[in-house]
Amino acid sequence: MTVRVPKETEEQPQRRADALAELQSTLARAGELLLSLEQSARRSGPTPVNELQDRLNDVVQDRDELSRRLAEYEQQTGRLMNLYVATYQLHATLDPGEVQSTIAEIATNLLGAERFALLFWNADGTQCEIALGQGLSQDASGFYSAGKYGGGDPAVDATLTDGVLRMGPIDGSEAVAVVPLTVQGAVVGALVILKLFEHKAKLRPEDRELLDLLAAHAASALFAARVYHQTDRKLKTLESLIQLVKRG
Amino acid sequence: MPPRKVLIVDDSKLLHRMFEMMLRQYPLVHAYDGKEALERLAENGDVDLVLLDMNMPRMNGLELLEAMKGDARFKKIPVVLVTTEGSEEQTQRGLDAGAAAYVKKPFRNEELIAVIQRLTGSAA
């Protein structure tokens with residue numbers, strides 16, 4: 001086979017040399033451009049799109065954090081509100097009956113107690129009387145009958161003795177919580193929560209604050225109301241006597 | 001939209017105080033039993049919502065609800081039962097009698113406010 005090679009003219013070597021020079025120059029410029037782009041990319045960091053995405057992620061994280069904090073603040077506000085209202089209402093009256101009703105309302109409406117007993121030692125400290133009770137007719141323990149707590153529940157007995165707040169579950173006791181009622185350091189009684197409503201499975205951590213508040217304020221509010229009531233009654237008796245003497 | 005007027009019907013002073021704190025943005029009207037609630041409703045023609053306890057003296061929550069639903073002046077006012085009743089049957093009786101919703105005590109503040117906002121179309 002014969003290959004025919006065209007005859008090289010005089011201009012062709014010059015053209016090849018020019019094309020080669022031009023190619024080399026183009027390659028050099030491309031190298032410079034690539035280097036420049038790499039340096040630019042290193043200087044400016046991520047591309048604008050990535051930057052926006054990062055910022056958006058930050059905003060979403062901030063929003064979630066704020067929502068979480070807002071929910072926490074709302075719960076905190078609710079807890080403080082409960083404590084404030086309970087304290088306010090305990091000390092809003094000097095009628096012993098109303099103070100007892102308030103204790104019952106706190107147990108029912110704020111703690112969710114379906115069955116409870118408010119116990120007070122009698123004057124000579126020999127018997128613990130049930131000043132107020134709810135749902136006790138359904139209590140099968142037999143500890144609470146004829147208006148008295150006969151003793152027998154280890155948690156209640158212990159709290160009535162040492163004045164320590166106890167929260168269930170407690171071995172050998174059916175009580176959900178036993179709140180000591182103290183006046184000037186002396187235990188005068190206890191609030192025994194025996195059962196919560198079905199829709200409230202257990203006492204929540206924030207309920208502990210409310211139980212502490214009851215321990216600190218309920219007895220003193222009731223004690224003050226009773227003292228006022230007795231004093232007021234004596235005053236009225238004396239006033240009646242004075243009126244009688246004046247008439248006589 | 002102006003704040004909506006809410007009637008609180010409950011025999012517990014503690015709860016009334018609690019609602020006052022919780023619903024500061026709403027004008028409130030107070031009643032301590034069903035009969036007093038009917039009087040307050042007649043006096044205040046612009047009550048937008050009733051928060052109703054079930055167990056009360058003189059006239060209980062269910063009786064008040066039935067009285068409201070039988071009175072053309074009040075039957076369109078939404079009623080929210082605020083109850084301690086663990087019994088679903090009791091709650092269902094209230095809903096059957098025309099209550100719009102119920103909240104069980106003890107409730108979380110945000111839970112109650114969400115129900116009120118939903119029924120009155122108001123925002124806190």
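1. With which residue does R55(A) form a salt bridge, and how far apart are the closest N and O atoms? In this predicted model, the partner is E51(A), and the closest N and O atoms of the pair lie 3.1 Å apart. Both R55(A) and E51(A) belong to helix 2 of chain A, which spans residues 48–90, and they are separated by four residues, or about one turn of the helix. Over all chains, a search of the whole structure returns 23 salt bridges.

2. The sheet of chain A is open and contains seven strands, arranged in the order 3-4-2-1-7-6-5 with antiparallel pairing. Strand 3 (144–145) and strand 5 (166–167) of chain A each have a single partner strand, so that one side of each is left without a neighbour in the sheet.

3. Helix 4 of chain A (residues 154–162) touches strands 1, 2, 3, 4, 5, 6 and 7 of chain A, and its direction makes about 155° with that of strand 7 of chain A. Helix 5 of chain A (residues 205–247) also packs on the sheet, where it touches strand 1, strand 5, strand 6 and strand 7 of chain A, and its direction makes about 40° with that of strand 6 of chain A.

4. Chain B has an open sheet of five strands in the order 2-1-3-4-5, and here the pairing is parallel. Its edge strands are strand 2 (28–31) and strand 5 (101–104) of chain B, each of which pairs on one side only. Neighbouring strands of this sheet are turned against each other by 20° on average, with direction ignored. Four bridges connect strand 4 of chain B (residues 79–83) with strand 5 of chain B in the parallel sense, and V82(B) has V103(B) in strand 5 of chain B as its bridge partner.

5. Helix 1 of chain B packs on this sheet and touches strand 1, strand 2, strand 3 and strand 4 of chain B, with a direction that makes about 175° with that of strand 2 of chain B. Helix 5 of chain B touches strand 3, strand 4 and strand 5 of chain B, and its direction makes about 170° with that of strand 5 of chain B.

6. Turning to the interface, chain B and chain A bury about 1900 Å² between them, of which 60% is on carbon and sulfur atoms. The contact draws 18 residues from chain B and 25 residues from chain A. On the side of chain B, L14(B), R17(B) and P106(B) lose the most area to chain A, and together they account for 33% of what that side buries.

7. Two salt bridges are found across the interface, and R108(B) forms a salt bridge with E206(A), with the closest N and O atoms 3.3 Å apart. Seven residue pairs are in polar contact across the interface. Helix 1 (13–22) and helix 5 (109–120) of chain B each supply at least two residues of the side that touches chain A, and the largest share, seven residues, comes from helix 1 of chain B. By class, that side of chain B has six nonpolar, four polar and eight charged residues.

Notes. Residues are numbered from 1 along each chain as its sequence is written. Chains are lettered from A and ligands numbered from 1 in the order in which they are written. This is a predicted model: local features need pLDDT of at least 70, side-chain atom pairs count only at pLDDT 80 or more; totals for chains, interfaces and linings use all residues. Side-chain values use heavy atoms; hydrogens and water are left out. Two strands pair if DSSP finds at least two bridges between them. Contact means heavy atoms within 4.5 Å. Axes are lines fitted to C-alpha atoms, for helices over the stretch in contact, and angles run from 0 to 180 degrees between N-to-C directions. Buried area is the accessible area (1.4 Å probe) that two parts lose on being put together, summed over both. A salt bridge is a side-chain nitrogen of Lys or Arg within 4 Å of a carboxyl oxygen of Asp or Glu. A polar contact is a pair of N or O atoms within 3.5 Å; within protein, one must be able to donate a hydrogen and the other to accept it, and residues adjacent in sequence count only if both atoms are side-chain atoms. Ala, Val, Leu, Ile, Met, Phe, Trp, Tyr, Cys and Pro count as nonpolar, Asp, Glu, Lys and Arg as charged, and the others, Gly among them, as polar.
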